[in-house]
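Please walk through this structure with the explanation below.

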2 protein chains.
Amino acid sequence: MIEVKIIGLEEDLNLKAEFSDNLLSFLQKNDIEVDANCGGNGVCGKCKVKVKGEVSDVKIKERDLLSKLELERGIRLACLTTIEGDIEVELISEGRSTLRILDEGDEDELHLEPLIQKDYLELEEPTLEDQASDWTRINREFDEELKVNLDILNKLPDILRNAEYNITVVRRNGQAIGIEPSDTTDFNYGLAFDIGTTTVVGYLLDLTTGEQVGKVAMANRQSDYGSDAISRVNHAIQGETGRNDLQDRIIKVINQIIVELIDKYQIEKERIYELVFVGNTIMNHLLLGLKADNVAKSPYVSVINEPQMVPANKLGIDLGQNASVTYLPNVASYVGSDIVAGLLTTRIDQSSDLKLLVDLGTNSEIVLGNQDRMIACAAAAGPAFEGAEIEFGMNGVEGAIEEVRINDELEISVIGNQPAKGICGSGIISLLAELLKKGIINKTGKVLSVEEMDDSVPQVIKDAIIEEGNNRKIILVNAKEAANGEPVTISQKDIRAIQLAQGAIKAGIKILMSELGVESKDISEVLIAGGFGNYIQPQDAVTIGVLPTSPEIKIKGIGNAAGSGAKAAILSQEKRKIAKEIAEKVDYLELSGRQDFQNEFMSSMSFEKFE
Amino acid sequence: MIEVKIIGLEEDLNLKAEFSDNLLSFLQKNDIEVDANCGGNGVCGKCKVKVKGEVSDVKIKERDLLSKLELERGIRLACLTTIEGDIEVELISEGRSTLRILDEGDEDELHLEPLIQKDYLELEEPTLEDQASDWTRINREFDEELKVNLDILNKLPDILRNAEYNITVVRRNGQAIGIEPSDTTDFNYGLAFDIGTTTVVGYLLDLTTGEQVGKVAMANRQSDYGSDAISRVNHAIQGETGRNDLQDRIIKVINQIIVELIDKYQIEKERIYELVFVGNTIMNHLLLGLKADNVAKSPYVSVINEPQMVPANKLGIDLGQNASVTYLPNVASYVGSDIVAGLLTTRIDQSSDLKLLVDLGTNSEIVLGNQDRMIACAAAAGPAFEGAEIEFGMNGVEGAIEEVRINDELEISVIGNQPAKGICGSGIISLLAELLKKGIINKTGKVLSVEEMDDSVPQVIKDAIIEEGNNRKIILVNAKEAANGEPVTISQKDIRAIQLAQGAIKAGIKILMSELGVESKDISEVLIAGGFGNYIQPQDAVTIGVLPTSPEIKIKGIGNAAGSGAKAAILSQEKRKIAKEIAEKVDYLELSGRQDFQNEFMSSMSFEKFE
């Protein structure tokens, strides 16, 4: 056996490996988190670790993805490295991120009508004159005839007698799901979860007061199998083990969040009776352990979109015995319950004005409509806005440039106020908007040569242009000021990748507008949901032409509207009903295979304003 | 380890025992059936085995319960025998019985409206124009919104595609419980079970035609822990293991019956979707694994009487994945769903005439009423009518005297037409009726001395009287003609035990009559359910005064009305609803602690006619 020492965690670990183990797989198998956005395919270059000892030689792909400096420091990509003898692996910050988490959404007013109900009963003891069975004694206190399962009936005689017939009945949908000794009506909790591709946020709600007790966010550890949903599906379709891997990862995160919540707020987990989650359709399937194979391939068919109630313990979610898990409905394979939750929060379905909801990401969901009609589509933007496919692209974590302004010089704002490592989505959009406005790139996306630039372009920018073969670059942060000792740049190639992304989104919006026969001026509001919503400057998105504009349009981020929708749903049965109506009301347009979409896409890739 | 060789089964067995193992427990642990009506308490003397080798000395109790002849042959009572070295145990017919089984009841006309419904669907394949999820594709074919569980959803994508979208949906109560490839609508089966204390009968029903495919009966192997329900409860209340023992025994019998039925009739067990059982309240609790402790002690409270639906696999019943088990309602702790099933078969609740239903046994259930009102009680008759507490008493199995007539001589009829081993309930009742009529015993139950007898008593009877201390006996079969080489007798002591039993039943009936303010002449029919119903001669029961009589009363056995009720319930939801209404309509009178019952009991013990 080969010895592997892991350093860089709270405590060092000593593990055993086999000769020729792949290093990334080995780390994942041992529950060590490493970024692997591309799913370990040697594409994203994120799974950086520092290795000493006997490993395979540096591969050509690694030379492409790692800087000379990094290679000299002994940094390797775990996915391309094979263990060949005893080694020491140092986990470094570049390969492991504390994510910046977005979890506040615009919330609708409180509507408290939880599915779980608790009633305290002081019952009479049985006598020869009143021989009602234990269950009849309870059931006759209610107007409806309750159902009850064997697990409860098993314990019922002892609970009743030990509690001297003073008990609390927990009900859900005409079913008794708990008989608790004494009066526990004040302790009735539920969980709302927003299962993001990157981040999972859990909210603990008090179902008697409607108050949020607390929230905890964690990275979605499915990222071990790829940063985007499709990479994960590609792992999941490798038989049942693959599916189990992904379900296991997300359930672990959910259980960790539950443990943190109950520890922090001193809640008994047996008093949490329900969990409602939202997420995109793939996350939904992976969490439930359902086959997502057909979601990923044409004609893109999910197993189920309608909400079902699932026993929490069936999923391995560690709550009380009869706790249940449900979810809001999905609209289609690429418009999931997170979007429905967003609609439940923003209630576009009740608006007389036309509104546009966009959730920018690898799969960008777009909904356009009002009380009369709502239509939706999904634009396959690719991961450029999330930092992948961009040389210095990264998630919105510490060290990422999140905003750029060009005045006399190039000013940047870095998350965590530290030396820059790269640039995240909101940074890219603000950078492009500035480059366009200052005439450093043109509407076709071309980075101008110094010669082509106006005199108004500051000299510092001109000095930052470097030519690298066909790939002209702009240095954003020079080597001395950058975190990793090498300059952070944006290249012509990066910009082309972003153009593809923005072209897809813009074309999607245009198709919806043409379907409804409306123009930009008819839209009253553009609502930006999800990760970007609260971070990008709406004006930047308008400048690069990804979002429509008119004098009347208000553009606003709505934060984590998905989380807010999930919270509304755990608090209110009525809200779940509305969510279902919304999901049924939204017409989904499949863009793939549509010629009009192809045409729009081709003509949308320039940075022309969207009017 | 000690070697134990078991002979007398189809194949000999070689087992290992520990020093000082109790022989009965050892046999039961190894799934070897031995009669043990008293639950292994050294009282009933039924657990006879022939033993060679090192075992404990013969105990005094064994000397009381075994004949000299038996002791000489090496016969021992397993419950009183301890293993002390290598032994050979021969299983002999006296300790193991093939039961005579009663399973036909008067059946109401067929009412076919099964809970389980099957629909064959030929669905369109999904396209980009119709991306409905797999589940929506199915669900939209139905008017109601079906629920579905994860297990089905898990397999759904493959089933749909492999079956080229031609599938059969199995529904129960608005829930899809199966998606089957191709058209399986012709294969829809259900099971009805009558769980008797002695015998379990399983009926396989075709739910599309309503036909009975077949039936299988087996002994209730809970008899390992006592022949009567209370002995079994006494074992069950010894913690969870005791409860598991009893549940395990009955589930094993059910599974054996299922295997026999599906083998014999070539049915796939996955096409059996539901099982409905009836039984007394204790059988109900033991089968469900519920605590029966409080059923057995005052104020006699069951855990539940209302039917619930339980997953078959939760109970260990080996059917398809989503098969369910339910039961008809119980009225009270001592009037169970078997009686409700009997009422469902006889529909006393719809009768304008007053009817009396009695189910004679250790616990004798009695229902009196008509469409206006039904009242019920349970009389603790003790096991005399079932052969226990009677020296030569036995169950209605081969070798039991089942009828006696006294003309010039004493004529007997033996089950299986073989030498008599003892006498069963119907034999006892006909014997007593004959003894009374011929003046061999008087109304007080006293066996007259030869001197006291009339001249009309045949000499053969007078010759059969023997005096054994205070216990005068009548020889029914002499030693030469009896199976075991010793005479079969009935004694004064035996008759006293039967008087207690009949007194309790008669008093119970009288209390109900007085509660309704009616007399014998007001009763139109007496219906005798259960084991006795079809075997006793009604006139004998009238002669000994246990059942009321009048010129108008018709007395008839209704066979296994409980089984018929269970069959009606598996075939029809409507019948289940009626069963529930019946159970709610019956008023239960608790006899224990009632002074009027005590008084009636004291005055009912004589063999006076019940007029």
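Helix α14 of chain A (residues 492–516) has 25 residues, which at 1.5 Å a residue should span 36 Å, and its end C-alpha atoms are 36 Å apart, in agreement with that value. The expected span of a helix is taken as 1.5 Å times one less than its number of residues. Helices (H or I, at least four residues) and strands (E, at least two) are DSSP runs, numbered from the N terminus. Most of α14(A) is covered, with 18 of its 25 residues buried. Buried means under 20% relative accessible area, exposed means over 50%, and partly exposed lies in between (1.4 Å probe, protein chains only). Just after α14(A), G517(A) has a positive phi of about 70°.

The model is predicted: local features need pLDDT of at least 70, side-chain atom pairs count only at pLDDT 80 or more, and totals for chains, interfaces and linings use all residues. Residues are numbered from 1 along each chain as its sequence is written, chains are lettered from A and ligands numbered from 1 in the order in which they are written, and side-chain values use heavy atoms, with hydrogens and water left out.

Chain A is assigned domain 1 (2–95), domain 2 (116–181), domain 3 (347–383 + 504–604) and domain 4 (384–498); such bounds come from an automatic or database domain assignment. Between the C-alpha centres of domain 1 of chain A and domain 4 of chain A the distance is 29 Å.

Two copies of a chain are related by a rotation about an axis and a shift along it. Here chain B superposes on chain A by a rotation of 180° with 0.1 Å of shift along the axis, at an RMSD of 0.2 Å. The two copies are therefore related as by a two-fold rotation axis. Both copies use the same surface, since 100% of the contact residues of chain B recur in chain A. The superposition is by least squares on the C-alpha atoms of residues with pLDDT of at least 70 in both copies, and contact means heavy atoms within 4.5 Å.

In chain A, helix α11 (residues 337–346) is largely enclosed by the rest of the structure, because ten of its ten residues are buried. Among them are S337(A), D338(A), I339(A) and V340(A). Just after α11(A) comes R347(A), with a positive phi of about 50°.

Helix α5 of chain B (residues 150–162) has 13 residues and reaches 19 Å from its first C-alpha to its last, close to the 18 Å expected at 1.5 Å a residue. This helix has a kink of about 45° at L156(B), shortly before the proline P157(B). The bend at a residue is the angle between axes fitted to the seven residues ending there and the seven starting there. The buried residues of α5(B) include both L156(B) and P157(B).

T489(B) is in strand β24 (residues 488–491) and is buried at 4% relative accessibility. Apart from its neighbours within four places in sequence, T489(B) is in contact with residues including E391(B), F392(B), I475(B) and D494(B). Q492(B) lies in helix α13 of chain B and is buried, with a relative accessible area of 10%. With neighbours within four places in sequence left aside, Q492(B) contacts G445(B), K446(B), V447(B), N471(B) and R472(B). K493(B), also found in helix α13 (residues 492–516), is exposed at 63%. A312(B) sits in the loop between β14 (310–311) and β15 (324–327) of chain B and is buried, with a relative accessible area of 0%. The C-alpha atoms of A312(B) and S324(B) are separated by 4.8 Å, although the two are twelve residues apart along the chain. In chain A, the peptide bond joining S298(A) and P299(A) is cis, with omega about 5°, and P299(A) falls in the loop between α9 (293–296) and β14 (310–311). The bond from S298(B) to P299(B) is likewise cis, with omega near 5°. S20(A) is not a glycine but has a positive phi of about 75°, and is partly exposed at 44%.

A disulfide is a pair of cysteine sulfur atoms within 2.5 Å, and by this rule the count over all chains is zero. C47(B) is in no disulfide, the nearest cysteine sulfur, that of C79(B), being 3.7 Å away. C47(B) counts as buried, at 3% relative accessibility.
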